[in-house]
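Colleague: Hi! Could you walk me through a bit of this model?
Modeller: Happy to, let's open it up.

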Amino acid sequence: MQRHDELTLIFNEGKVYINSEANVLSIGCLDLPLEAEKFKDDVAWKVRVLDYNEATGVLMTEIMSYNADTTTTAGAQTSLQFMEIEIIRFRTIDTTQLLKVIEIKKQTFQTTDESIFTYTQPKNVISEAPPKLINVIPPAPVEHVLVKMMKVPFANLHFVNAGVSFSIFIEELHSEIKFTIANPDIRAEFEAIKEYFIKVLKKKLIVTDIEIRYTEKELLSVKATSEDIDKINQSIIDNVRFEFVKREIFTSRGKNENSPVVNTIDTLINNRELTEKLYQSDQQLIDDLLAIKNSKHYHHLQFLSSKHLSSVLKVRFVLEPFSFLFLLAGDNKYHIVWETLNSEEATYLWHFEKSIEALRTGLKEIEVILQDIKATSKQDYLKKEQSNFSRIIHDYSDNNKGFIQWKDALEGRLL
């Protein structure tokens, strides 16, 4: 049920139906200025929904017509089936119209025995006419509007799907009010990386404009907007994700000496559960890593990533120097390519038979080789004869020319 939805209340003696016969309540749930015994036949009101409080079951409405269509339907209205309505209130009600359609509940009084007490009206007293009933329409509740600008600590925000929420004490109302600011780019998962939004946006406080509509007895509506929250778009979210990746991965360089040389995303990221919430796949995370466009091998890594056989092997990572192991396929062989992110190193290639068993064995060999290189140096490894190894030297004198030469050399090795 949404604000401004229109409903038909159809009365039948002591019952009230909402739109159809499936949604029936006792007239005792109606907040009326007069206590009704029952309603007369063929009475229906058209009302507009102003608010529905799910916690208290109070439905606040405004009467649009006292002469609505009384036809009911047998079908159930799904939006009302599961709603627990305890009280139906009306913003205003015309007492004259109300008296036309109800029978007022009779009041019970204790009477004395007429045989004991009698009363004779003096003849010279002129009896007064009974007082006329006056139809009194109670005044409508006065609606107040509070508009103000407030600053909210970013740490007090809670990320929800399609927005942020926060609670703040409003002095004018002497109570704490909860607000939600809509933003379709925001997801609930961002709650865990809120600190990164503070860093990227460079804001510890957000400015928000709030609007509260209320009467002396109840809160009618609340609204909040913020230009600071509106700034959180996909570009900002990408920056936040990248800040997260940089901290999670590049701080891993401080791991102890017993840490593996070759890592997957699973072993590299400290908070895997959070990473899965931020990235739909490993490839998205790798794309963020490759987004360091001032790295020396940016174009090379982009090319290798596009050729990597992710369905066969997850990308491997080496922390020192920070680098990647990609799997490429030729017509007859598998090729493991080792490329660094930002250090001036040659591209290393190992070539294996095109089978899963040979690939498993080859990965184990490469891990031992990289462990030895870490303990000694690349020069010691290069001095040894390697039948299944080759390398490509980078030309850094001209980036575009150097990349084209490197690409041609690589494709010539992918047999």
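Colleague: Where is the place of Ser390?
Modeller: Ser390 sits in strand S19. Keep in mind that this is a predicted model.

Colleague: Does Ser390 count as buried or exposed, and why?
Modeller: Ser390 counts as buried because its relative accessibility is 15%, and buried means under 20%.

Colleague: Which side chains does the side chain of Ser390 make a polar contact with?
Modeller: One is the side chain of His351, at 2.9 Å. The side chain of Arg413 is another, at 3.2 Å.

Colleague: And what does Ser390 touch, leaving out residues up to four places away in sequence?
Modeller: Thr347, Tyr348, Leu349, His351 and Arg413.

Colleague: Switching to H12 now. How many residues does helix H12 have, and what is its reach?
Modeller: H12 covers residues 399-413, which makes 15 residues. From first C-alpha to last it reaches 21 Å, close to the 21 Å expected.

Colleague: Which residues of H12 are buried?
Modeller: Gly402, Phe403, Trp406 and Leu410. Looking down the axis of H12, these buried residues fall within an arc of 95°, so they line one face of the helix.

Colleague: What do the buried residues of H12 pack against?
Modeller: Helix H9 (298-307), plus strands S16 (323-329), S17 (333-340), S18 (347-353) and S19 (389-392). So we're back at the strand that holds Ser390.

Colleague: Which residues are exposed on the other side of H12?
Modeller: Asn400, Ile404 and Gly412.

Colleague: Last one: what caps the N-terminal end of H12?
Modeller: Asp398 does, with a side-chain oxygen 3.2 Å from the backbone nitrogen of Asn400.

Technical notes: Residues are numbered from 1 along each chain as its sequence is written. This is a predicted model: local features need pLDDT of at least 70, side-chain atom pairs count only at pLDDT 80 or more; totals for chains, interfaces and linings use all residues. Side-chain values use heavy atoms; hydrogens and water are left out. Helices (H or I, at least four residues) and strands (E, at least two) are DSSP runs, numbered from the N terminus. The expected span of a helix is 1.5 Å times one less than its number of residues. Buried means under 20% relative accessible area, exposed over 50%, partly exposed in between (1.4 Å probe, protein chains only). The arc is that of the directions from the helix axis to the C-beta atoms. Contact means heavy atoms within 4.5 Å. A polar contact is a pair of N or O atoms within 3.5 Å; within protein, one must be able to donate a hydrogen and the other to accept it, and residues adjacent in sequence count only if both atoms are side-chain atoms.
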